[in-house]
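Student: Can you walk me through the terms used for a protein model, one value at a time?

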Amino acid sequence: MSTAEQARVFLAMMICGAGLGAAYDVGMLLRRTLGLGAVLSGAFDLLFGVLCAGGMTGAALLMRVDPFRLYAFAGVAAGMALYAGTIGTIVRYLRGFVRKFVKKSENV
């Protein structure tokens with residue numbers, strides 16, 4: 001693969017990682033809202049891991065990455081970190097704000 005193709009794959013994997021980070025935040029919000037126990041939360045995490053592996057494999061096949069390279073994993077990790085440090089922080093702050101607002105309205 002040329003350097004330009006590797007950069008394209010890295011960027012695509014970063015986008016995939018950011019999407020996975022957002023999906024995990026949505027799943028966490030649902031688990032907390034529904035009050036799932038530890039066993040169901042563990043099952044959800046296991047299912048999420050399987051979906052992540054499938055998504056990464058699908059993206060690699062779509063991008064025609066023949067052997068799965070380390071930079072593809074690094075791209076997913078960088079995308080998740082980028083999401084967690086930017087939009088994820090805002091989402092978690094808003095989740096806490098909404099939770100406080102709902103608790104206050106329940107006490108009235």
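Tutor: Here we set values against definitions.

Tutor: This is a predicted model, where local features need pLDDT of at least 70, side-chain atom pairs count only at pLDDT 80 or more, and totals for chains, interfaces and linings use all residues. Residues are numbered from 1 along each chain as its sequence is written, and side-chain values use heavy atoms, with hydrogens and water left out.

Student: Why is C16 called buried?

Tutor: Buried means under 20% relative accessible area, exposed over 50%, and partly exposed in between (1.4 Å probe, protein chains only). C16 has a relative accessible area of 18%, so C16 is buried. C52 has 12% relative accessibility, so C52 counts as buried.

Student: How do you know that the length of helix 1 agrees with its residues?

Tutor: Helices (H or I, at least four residues) are DSSP runs, numbered from the N terminus. The expected span is 1.5 Å times one less than the number of residues. Helix 1 has 32 residues (3-34), so it should span 46 Å; its end C-alpha atoms are 46 Å apart, which agrees. Just after helix 1, G35 takes a positive phi of about 65 degrees.

Student: What makes F44 and F48 a stacked aromatic pair?

Tutor: Rings of Phe, Tyr and Trp (its six-membered ring) pair if their centres lie within 6.5 Å; planes under 30 degrees apart count as stacked, over 60 as edge-to-face and the rest as tilted. The structure holds two aromatic pairs. In the pair of F44 and F48, the centres are 6.5 Å apart and the planes 20 degrees apart, which is stacked. Both residues lie in helix 2 (residues 38-62), four residues apart, about one turn of the helix. Ring pairs link Y24, F44 and F48 into a cluster.

Student: Why do F44 and F48 get their accessibility labels?

Tutor: F44 has 25% relative accessibility, so F44 counts as partly exposed. F48 has 13%, so F48 counts as buried.

Student: What makes V76 a contact of M13?

Tutor: Contact means heavy atoms within 4.5 Å. Leaving aside neighbours within four places in sequence, V76 meets that cut-off with M13, M14, G17, L20 and M56.

Notes
Helix = DSSP H or I, 4+ residues; strand = E, 2+ residues; numbered from the N terminus.
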